[in-house]
Amino acid sequence: MTPKISFKLSELAAEFVATLPDCQFESDGNDPLITGVAAIDKAQSGEITFVSSSKFVARLKDTQASAVILDLKTPSPLPCIRTAHPRILFAKVLEKFYQPPTPPIGIHPTAILGVDVQLGANVAIAPYVVISDRVKIGDNVTIYPHVAIYNDVEIGANTTIHANCVISDHTQIGANCIFHPSTVLGGDGFGFEISPNGTWYKVPQIGHVIIEDNVELGCSCAVDRPAVGVTVIRKGSKLDNFVQIGHGVEVGAHSVLASQVGLAGGVTLGHHVVMAGQVGAANHIHIGDGAIIGAKSGIPSDVPAGVTMMGYPVVPEKDWKRIVISERQLPDLLHTVRKLEKRIAELEAKLAD
């Protein structure tokens, strides 16, 4: 049984000053003992809660929590820890109290390892994992059940691979990565050419996938290998569930792609690009550094750096909002046009007389 963890609120605040220098403990003299974290409407005595939006501030007077994480300005009836980055502080507090269970260090008897597999220190390999030949695995890597790793894969230190992932041959994975269940790295890109007889001829996909450090991929992502060359996800990028990365794509560093984003072959993203859910990008376009693309947008051509765009085809955010407002007015505009047409016809008839 996991031992109960507890901290004085002032001790918690002190823990994070090194990484969040503006972090401060605030109280009217009460320094509660914190034993866990909970949502504002579920928290009990001894727990710390978190206010992420002004619409939740009113609930502070009713919460049973002993303390709260806040920004630097919001008034608090409770002892609190303040910072300009409350969401980051909330994440750090969660990490103090809750560590996910991991398989025990070592190789489970049901795992299968090929020839010339190299394992670093403190590697955990769970039941029914299959690791093929010449795979190199760094220190402190955790591999959950039913993962299949093909030949000549390299996996960096401290990476976690969850159940049912598949990693195709020659894939290179950096350190501190997380791959959630059922993600596939290095599946064949969608490459077919129509033959003279009307059938589709498969183009061999002999390239490979490179995943740099600190990348996290959600459940059921697909990162395809190209016919030649590489598909790359640069350091620090985060992909939500069900994201499709086509062959030869390059996702720039620290980019964020929400659920059901699809990038066609050859797309390149600059750094810190943000794509909301269900965005689709046509093949071989470039999206500039820091661009933000709104949900359900379609991108047929290049997008400049630093812009916010949405719609299909994408247009600047301000134009998109005007278009949406105008579309809602179309029935009234149509009615007005018909009245004007009728009035014009009446005036023309009078002039003719």
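**Close-up views of a predicted model**

View 1. Trp200 is exposed, at a relative accessible area of 59%; exposed stands for over 50%, buried for under 20% and partly exposed for in between (1.4 Å probe, protein chains only). The model is predicted: local features need pLDDT of at least 70, side-chain atom pairs count only at pLDDT 80 or more, and totals for chains, interfaces and linings use all residues. Residues are numbered from 1 along each chain as its sequence is written, and side-chain values use heavy atoms, with hydrogens and water left out. Trp200 belongs to strand β23 (residues 200-202); strands (E, at least two residues) and helices (H or I, at least four) are DSSP runs numbered from the N terminus. Together with Phe190, Phe192 and Ile194, Trp200 makes a nonpolar surface patch of about 510 Å². Patch residues have over 30% relative accessible area and no salt bridge, with nonpolar side chains (Val, Leu, Ile, Met, Phe, Trp, Tyr) joined within 5 Å and like charges within 9 Å. Accessible areas come from the Shrake-Rupley method with a 1.4 Å probe, and for residues only the protein chains shown count as cover.

**View 2. Nonpolar cores and the surroundings of Leu257.** The largest nonpolar core has 49 residues, of which Ile143, Ile245, Leu257, Leu263, Met275 and Ile299 touch the most other members. A core is a set of buried Ala, Val, Leu, Ile, Met, Phe, Trp, Tyr and Cys residues joined through side-chain atoms within 4.5 Å. A second, separate core of 17 residues includes Phe7, Ala13, Phe50 and Ala67. Neighbours within four places in sequence aside, Leu257 has contacts (heavy atoms within 4.5 Å) that include Lys238, Asp240, Ile245, Leu263 and Met275.

**View 3. Buried Arg225 and its polar contacts.** Arg225 sits in strand β26 (residues 222-225) and counts as buried at 4% relative accessibility. Its side chain makes a polar contact with the side chain of Asp169 at 3.5 Å. The side chain of Arg225 also reaches the backbone oxygen of Gly207, at 2.6 Å. A polar contact is a pair of N or O atoms within 3.5 Å; within protein, one must be able to donate a hydrogen and the other to accept it, and residues adjacent in sequence count only if both atoms are side-chain atoms.

**View 4. Salt bridge between Lys96 and Glu15.** The structure holds 10 salt bridges, each a side-chain nitrogen of Lys or Arg within 4 Å of a carboxyl oxygen of Asp or Glu. In the bridge of Lys96 with Glu15, the closest N and O atoms are 3.1 Å apart. Lys96 is in helix α2 (residues 86-97) and Glu15 in helix α1 (residues 9-15), so the pair ties together parts 81 residues apart in sequence. Lys96 is partly exposed at 25% relative accessibility, and Glu15 is partly exposed at 41%.

**View 5. Glu212, Arg234 and Glu250.** These three residues are linked in a network of salt bridges. The side chains of Glu212 and Arg234 meet at 2.6 Å, N to O. Glu212 lies in the loop between β24 (208-211) and β25 (216-217), Arg234 in the loop between β27 (230-233) and β28 (238-239), and the two are 22 residues apart. Glu212 is partly exposed at 24%, as is Arg234 at 26%.

View 6. Arg343 and Glu346 form a salt bridge with closest N and O atoms 3.5 Å apart. About one helical turn separates the pair, because Arg343 and Glu346 are three residues apart in helix α4 (residues 330-352).
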